[in-house]
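Work through the two exercises below with the coordinates open, following each solution step by step.

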Amino acid sequence: MAGQRVGYIRVSTLDQSPARQLDGVMVDKMFADSASGRDIHRPQLDALLGFVSDGDTVIVHSMDRLARNLDDLRGLVRTLTGHGVRVEFVTEQLTFTGEDSPMAQLLLSVMGAVAEFERALIGERQREGIALARRRGAYKGRKRSLTSTQSEELGRRAAAGESKAGLAREFGVSRQTVYQYLRSSR
């Protein structure tokens with residue numbers, strides 16, 4: 001009996017569209033994460049790993065959409081193929097079955113290393129661009145989450161003993177942001 005065709009999509013940010021990934025590829029079930037490639041917590045990938053079984057095929061747009069780095073890529077492919085699941089990468093036109101030749105393993109490693117290198121170059125160019133913009137005075141950084149009035153109120157209420165989690169919910173920020181504001185107001 002032929003297994004299911006299961007798609008996996010990952011976009012890095014909420015404003016990116018997953019529509020281009022696996023567009024026109026027929027799948028029985030789709031799993032989609034909105035998370036950075038560096039993010040370890042990808043709930044839909046975890047759900048996919050728990051869902052697929054022997055005979056299924058996992059279809060991914062490209063290697064960099066599945067894994068954070070080369071080690072992660074090889075580990076995920078090894079885990080999936082070890083359970084009898086085929087892994088297909090559409091962009092690279094590569095399929096892995098677990099009975100792969102040494103050449104297939106080499107291609108996986110080389111293509112994964114190229115994808116990891118590209119991500120590193122993008123990060124480096126981004127940092128260089130930000131540094132140049134800062135020198136020109138064009139880069140001001142991210143807009144502050146709270147106004148100075150809100151920040152002062154947050155500090156007073158936290159000093160009065162109110163729960164940091166409650167303050168975070170009320171001000172619409174994370175607890176980490178609350179702690180950052182409290183540290184900067186000292």
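Contact is taken here to mean heavy atoms within 4.5 Å, and the model to which this criterion is applied is a predicted one.

**Exercise 1.** Determine which residues of H6 and H7 meet, and describe how the axes of the two helices are placed.

*Solution.* Begin with the contact itself, in which Lys164, Ala165, Leu167 and Ala168 of H6 meet Arg175, Val178, Tyr179 and Leu182 of H7. Sorted by class, the residues of this contact are six nonpolar and two charged, with no polar residue. Next consider the axes: those of helix H6 (residues 164-171) and helix H7 (residues 175-184) come within 8 Å and cross at roughly 100°. Angles of 65 to 115 degrees count as roughly perpendicular, and H6 and H7 are therefore roughly perpendicular to each other.

**Exercise 2.** Find how many salt bridges the whole structure holds, and decide for the partners Glu162 and Arg157 whether each is buried or partly exposed.

*Solution.* A search of the whole structure gives seven salt bridges. One of them joins the side chains of Glu162 and Arg157, at 2.9 Å from N to O. Since buried means under 20% relative accessible area, Arg157, at 16%, counts as buried, whereas Glu162, at 34%, counts as partly exposed.

Key: Residues numbered from 1 in each chain as written. Predicted model: local features only at pLDDT ≥ 70, side-chain atom pairs only at ≥ 80, totals over all residues. Heavy atoms only, no water. Axes fitted to C-alpha atoms, helices over the stretch in contact; angles between N-to-C directions. Helix = DSSP H or I, 4+ residues; strand = E, 2+ residues; numbered from the N terminus. Parallel < 35°, antiparallel > 145°, perpendicular 65-115°, else oblique. Nonpolar A, V, L, I, M, F, W, Y, C, P; charged D, E, K, R; others polar. Salt bridge = Lys/Arg side-chain N within 4 Å of Asp/Glu carboxyl O. Buried < 20%, exposed > 50% of the residue type's maximum accessible area, 1.4 Å probe, protein only.
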